[in-house]
Amino acid sequence: PYCDYLQAFVVAVHFRKSKCRSLRQTLVGYWLSALGGGMMCGMLLGQPPAWASDRVMSTYLSVFIAVQFLPLGLLNSSLFSLLFFPLQIVNDITIVHNIVDVALDRLPNCAHASAQQSVLFALLIGTLAGCGGQILLTTFGLDQQSWSVRTPAALVDSYPSLYSASVLSAFAYVLGTNMHNKLETTYFTKAEGKLLVIFIVFIFHTVPRTANRIHGFISAQLEKRAATPKPPVEIPTPAENQKQEKRKKKKENGQNKESNKEKSS
C-alpha cells in the first residue's frame, strides 16, 4: 500500500504542474500514466489488472484530489523541489514491485497456455510493467495541452533510462530465476532475483536521472550568473579629470607645507 501512495503522489504532482487544459484531461492522463503499465499487462495476461480493487483505485483517486488543492507556487518552489526529489528516488521501488509482483509472478496464472511457457512473452510483460505508463505518457504527450502521437522518449534519450532498466530487469529476473525451467541451472531465488532487479533499476535509472538533475541544476545556476547584468564601468569625463588633478595638487601642496614647517621647527 505504501508503494501505491508514493507512486500516486509523484505522478499526481507531475500532472498538477502539467499543461493540461482541464481537470478531466488531467485525471485521464494521470490514470493512464500511473496505471497504464499494469493495465496493459492485465490485458496481455487475460486477467484483471493488479490495481482492479477498491482499495488501490480509491488510493490513487484520493491522492489525486488532494494534490489538486496544493498551490502551484508551493509545488514550483525550490524547497519543495529539494524535498520532492528524494521521494522520486524512493518511488523507484515501485518499478521493482510492478515488474516482479504485478507482471512476472502472475505469469503462471496466465489465461493463455502457450504464453505461460514463452520467455519472450515474459520479457514483454516485465518491460511493460516497468515502463508502460511512461511509454503512454511520452508517446501521446498526456501532460501536454493537446494529445498526439509522437516519438517515445526511449528512442531519443542519450542516457540509460527507465526503459533500459525495465528491459534489463525483466531479462535478469526471467533467466536468473529460471522461470520456465529451460536452463540447467537456477542462478537466483525469487528473493535474490528481486534484489538484482533493485540493483539494475538503481544503476540504469536512478543514478543517471540523479546525475542529469544535478547537471541541470548547475547549468541553470551558471546561466543565471551569466544573465545577471554587470554594473557599467564609469569613464570619467575631461572635466572630472581636471577636478581630480586639482585635488591631487592641493594634497601635494598641503603635504609640502607640513614638511617645511617640520623642518623649520
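## A buried loop residue

Thr177 has a relative accessible area of 11%, so this residue is buried (under 20% relative accessible area; exposed is over 50%, partly exposed in between, with a 1.4 Å probe and protein chains only). Thr177 sits in the loop between helix 8 and helix 9. Helices here are DSSP runs of H or I with at least four residues, strands are runs of E with at least two, and both are numbered from the N terminus. Setting aside residues up to four places away in sequence, Thr177 touches Ala172, Thr186, Phe188, Thr189, Lys190 and Gly193. Contact means heavy atoms within 4.5 Å.

## The model

This is a predicted model, in which local features need pLDDT of at least 70 and side-chain atom pairs count only at pLDDT 80 or more, while totals for chains, interfaces and linings use all residues. Residues are numbered from 1 along each chain as its sequence is written, and side-chain values use heavy atoms, with hydrogens and water left out.

## The chain overall

The protein chain has 10 helices and zero strands. Along the sequence, the pattern reads α-α-α-α-α-α-α-α-α-α. The chain holds 265 residues, and 35% of them are buried. Take the contacts between residues at least 6 apart in sequence: 73% of these join residues at least 24 apart.

## Helix 5 against helix 8

Two packed helices are described by the angle between their axes and the distance between the axes. Helix 5 covers residues 78-103 and helix 8 covers residues 162-176. They pack at an angle of about 40°, with axes 11 Å apart. Axes are lines fitted to C-alpha atoms, for helices over the stretch in contact, and angles run from 0 to 180 degrees between N-to-C directions. Helix 5 and helix 8 are therefore oblique to each other (angles under 35 degrees are roughly parallel, over 145 roughly antiparallel, 65 to 115 roughly perpendicular, and the rest oblique).

Which residues make the contact? Helix 5 supplies Ile95, Ile99 and Val100, and helix 8 supplies Leu162, Ser166, Ser169, Ala170 and Tyr173. By class, six are nonpolar, two are polar and none is charged. Nonpolar covers Ala, Val, Leu, Ile, Met, Phe, Trp, Tyr, Cys and Pro; charged covers Asp, Glu, Lys and Arg; the others, Gly among them, are polar.

## Two nonpolar cores

The largest nonpolar core has 26 residues. A core is a set of buried Ala, Val, Leu, Ile, Met, Phe, Trp, Tyr and Cys residues joined through side-chain atoms within 4.5 Å. Leu104, Leu107, Phe121, Ile125 and Val197 touch the most other members. Two or more residues each come from helix 2 (23-45), helix 5, helix 7 (119-140), helix 8 and helix 9 (190-227). Helix 7 gives the largest share, seven residues.

Leu104 is in contact with Ile99, Ala122, Ile125, Gly126, Ala170, Tyr173, Val174 and Met179, leaving aside neighbours within four places in sequence. A second, separate core has 22 residues, including Phe15, Val56, Tyr60 and Val63.

## Thr206 and Asp92

Thr206 belongs to helix 9, and Asp92 belongs to helix 5. They lie 114 residues apart in sequence, yet 7.3 Å apart in space, C-alpha to C-alpha. Is Thr206 buried or exposed? Thr206 is buried, at 4% relative accessible area. Asp92 also counts as buried, at 6% relative accessibility.

Beyond neighbours within four places in sequence, Thr206 is in contact with Ile89, Asp92 and Val201.
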